[in-house]
Amino acid sequence: MTSFNINDLVRDNVKKLTPYSSARDEFSGEAKVFLDANENSLGSPSLKWYNRYPDPHQLKIKEKLSQIKGVPAANIFIGNGSDECIDLLYRGFCNPGKDNVIICPPTYGMYQVSADINDVEVRKAPLLPDFQLDLVHMETLVDDFTKIIWICSPNNPTANSIHREDIEMVLNNFPGLVVIDEAYINFSRHRSFVQELSEYPNLVVLQTLSKAWGLAGLRVGMAFASEEVIGVYNKIKPPYNIGQATQDIVLKALDNVAEVNEMIQTLVAERKLLAEQLSVLPVVEHIYPSDANFLLVKVDSARKAYDFLLDKGIVVRDRSNVQLCENCLRITVGTPEENKTLVKSLGGFRP
Ligand SMILES: Cc1ncc(COP(=O)(O)O)c(C=O)c1O
């Protein structure tokens, strides 16, 4: 295989693109009077401080993230959820109707949906029965038009981490982008790949504030990658993709690393307890090991169990139609109270 070269990957129209230059891009110093961005200078009567456009590059947040993650700010992109980070990779690197990507189902649905929206072919190398990568199959799918391989670890919905050596094998041998989606990494004991950016120019690591940080409502995702890949992100992103209110809250939230770590410990302890309590219920056939904040649970008659729980006001995810997840429910670890309610209710289910 040829070696990695970002210029071979970026779409030509993106290479040629003159990006939008906002008022905040053209002037970012100190001034007394700002009349450059067509904002409303009077401000909203009750929320005056939101009359200005936010920092398009979220530099303060990146500086804090840089300290927390040990990654230079220049290697960080912040998106409107990781979903935006996913979509922008298609827009920056995949020519519609021509290029392809590889996914390893069952996995997070947006890799496929974003590909479909962008008219990019998706090639599938299903996970092996132990939910690990089928490297041999993956290799057969790669051709000159393969731009991205998506690896989700810990994987949604199977909850396991992908073997590190297998990911390294892909990183070492595939000349396109290897995206490792680490949305659930904080719930696992495995090391993140964010420290490996200097080792692998083709590596993109996705993380999010939606899971361990407990901030799904804010819509903040992060991509960590080479400066070249971050440059492509910045070139094509909507100018102000993270609003001021979100930036303000995120800046405060990032001071709470210790609290977040405690919360992670609580959820991991609850995950263990929930798995123990579910495992003795007659309806439960198997609980897969989890490195995430959810459990994949094989039951007798998933659809009926799902409906039974719904009838009691408890919503879980029925994954029984998903390859390798026959008769499986995906159950998020809730609060201790919610978990008790779930166990009690499911205990009353008779298939
Ligand atoms: C693997 C994975 N990646 C990304 C996301 C989306 O994250 P965000 O809320 O940052 O868009 C999810 C959400 O469930 C997920 O499971």
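**Salt bridges and ligand contacts in a predicted model**

Analyst: In this predicted model, Lys272 and Glu276 both belong to helix α11 (residues 257-279), and because they are 4 residues apart there, about one helical turn separates them.

User: How far apart are the closest N and O atoms of the salt bridge that Lys272 forms with Glu276?

Analyst: Lys272 counts as exposed, at 56% relative accessibility, whereas Glu276, at 43%, counts as partly exposed. The two residues form a salt bridge, and the distance between their closest N and O atoms is 3.4 Å.

User: Which parts of the chain does the salt bridge between Arg52 and Glu39 tie together, and how many residues apart are they in sequence?

Analyst: The side chains of Arg52 and Glu39 meet in a salt bridge with an N to O distance of 2.6 Å. Both Arg52 and Glu39 lie in the loop between α3 (23-26) and α4 (59-69), so the pair ties together parts of the chain whose separation in sequence is 13 residues.

User: Is Glu39 buried or exposed, and which residues are linked with Glu39 in a network of salt bridges?

Analyst: Arg52 has a relative accessibility of 28% and counts as partly exposed, while Glu39 counts as buried, at 14%. The structure holds 17 salt bridges, and a network of such bridges links Glu39 with Arg24, Asp36 and Arg52.

User: Where do Arg164 and Glu196 lie, and how many residues apart are they?

Analyst: Arg164 and Glu196 form a salt bridge in which the closest N and O atoms are 3.3 Å apart. Arg164 is buried, with a relative accessible area of 17%, and Glu196 counts as buried too, at 15% relative accessibility. The pair links distant parts of the chain, with Arg164 in helix α8 (residues 164-173) and Glu196 in the loop between β5 (177-181) and β6 (203-208), the two being 32 residues apart.

User: Which side chain of opposite charge is nearest to Arg11, and how many Å away is it?

Analyst: Arg11 is found in the loop between α1 (6-9) and α2 (12-16), and a polar contact of 3.1 Å joins its side chain to that of Asn13. Arg11 is buried yet has no salt bridge, a label that requires a side-chain nitrogen of Lys or Arg within 4 Å of a carboxyl oxygen of Asp or Glu. The nearest side chain of opposite charge lies 6.5 Å away and belongs to Asp99.

User: Which residues come nearest to the ligand?

Analyst: By class, the shell around the ligand has 4 nonpolar, 5 polar and 4 charged residues. Of the 13 residues around the ligand, those that come nearest are Ser82, Asp181, Thr208, Ser210 and Arg219.

User: What distance separates the C-alpha atoms of Gln207 and Val14?

Analyst: Gln207 is found in strand β6 and is buried, with a relative accessible area of 4%. Along the chain Gln207 and Val14 are 193 residues apart, and their C-alpha atoms are separated by 25 Å.

Notes: Residues numbered from 1 in each chain as written. Predicted model: local features only at pLDDT ≥ 70, side-chain atom pairs only at ≥ 80, totals over all residues. Heavy atoms only, no water. Near = heavy atom within 4 Å. Nonpolar A, V, L, I, M, F, W, Y, C, P; charged D, E, K, R; others polar. Buried < 20%, exposed > 50% of the residue type's maximum accessible area, 1.4 Å probe, protein only. Lys, Arg positive; Asp, Glu negative; His and termini not counted. Polar contact = N/O pair within 3.5 Å; in protein donor to acceptor, adjacent residues only side chain to side chain.
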